[in-house]
Amino acid sequence: MVADFADWNGNVSTVYATEGTQPETGAQGAQDNAAKSGDNSLSTLSISPGTLSPAFQYNNTNYTASVGEEVTSVEANAKTSNENAVVESISGNADLKVGENTISIIVKAENGVVATYKIVVTRGGAAAPE
């Protein structure tokens, strides 16, 4: 028997097995990966201080927010929609400069597919000279 299995990334594994035998180990890996969730969305996303614009929706990955000039960092809170997905990193939320700052939230699905949520936070006051 010959069978092809494709994972979520389109990688194809060919399995050769004779009738009545178990497929080779590589096939099990392909089947396991195909069964893993590709959900890399968030169920919640917020910052403190500040309010996201537009209001959070799981399928939107780009947001903006404004904070006062006295704010030098914000806390970003993110929760995955799928319990097997992970928030790999949150960066850009500390040492905010006056003007625009980008916070990136990297979410990795169970099958390894990554999504990046971005929040452009504008810190009040006159923009610093470049």
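Which residue of E7 does Val86 stand opposite? The legends below get to that one in the third view.

**View 1. The whole chain, as a predicted model.** Here's the overall layout before zooming in. The chain holds 1 helix and 8 strands, and reading along the sequence gives the pattern β-β-α-β-β-β-β-β-β. Out of 130 residues, 30% count as buried. The accessible surface comes to about 7,900 Å², with 47% of that belonging to carbon and sulfur atoms. If you look at contacts with a separation of 6 or more, residues 24 or more positions apart account for 49% of them.

**View 2. An open sheet of 4 strands.** The order across the sheet is E4-E8-E7-E6, and the pairing is mixed. E4 and E6 sit at the edges, each pairing on one side only. On average, neighbouring strands here are turned by 20° against each other, direction ignored.

**View 3. E6 alongside E7.** Strand E6 (residues 86–91) and strand E7 (residues 99–108) run antiparallel and are joined by 5 bridges. Back to the opening question: Val86 stands opposite Lys108 in E7. Ser91, for its part, faces another serine, standing opposite Ser104 in E7.

**View 4. The hairpin of E7 and E8.** E7 also pairs with strand E8 (residues 114–123), again in the antiparallel sense, this time over 10 bridges. Between the two strands lie 5 residues. Within this hairpin, Gly112 takes a positive phi near 100°.

**View 5. The largest nonpolar core.** This core has 17 residues. The ones with the most contacts inside it are Leu45, Ile47, Ile105, Tyr117, Ile119 and Val121. Strand E3 (42–48), strand E4 (62–67), E7 and E8 each supply at least two residues of the core.

**View 6. Zooming in on Leu45.** What does Leu45 touch, leaving aside its neighbours within four places in sequence? Its contacts are Leu52, Phe56, Tyr63, Asn77, Ala78, Ile105, Tyr117 and Ile119.

Conventions: Residues numbered from 1 in each chain as written. Predicted model: local features only at pLDDT ≥ 70, side-chain atom pairs only at ≥ 80, totals over all residues. Heavy atoms only, no water. Pairing = 2+ DSSP bridges. Core = buried A, V, L, I, M, F, W, Y, C linked by side-chain atoms within 4.5 Å. Buried < 20%, exposed > 50% of the residue type's maximum accessible area, 1.4 Å probe, protein only. Contact = heavy atoms within 4.5 Å. Axes fitted to C-alpha atoms, helices over the stretch in contact; angles between N-to-C directions. Areas by Shrake-Rupley, 256 points an atom, 1.4 Å probe, with all protein chains shown as cover.
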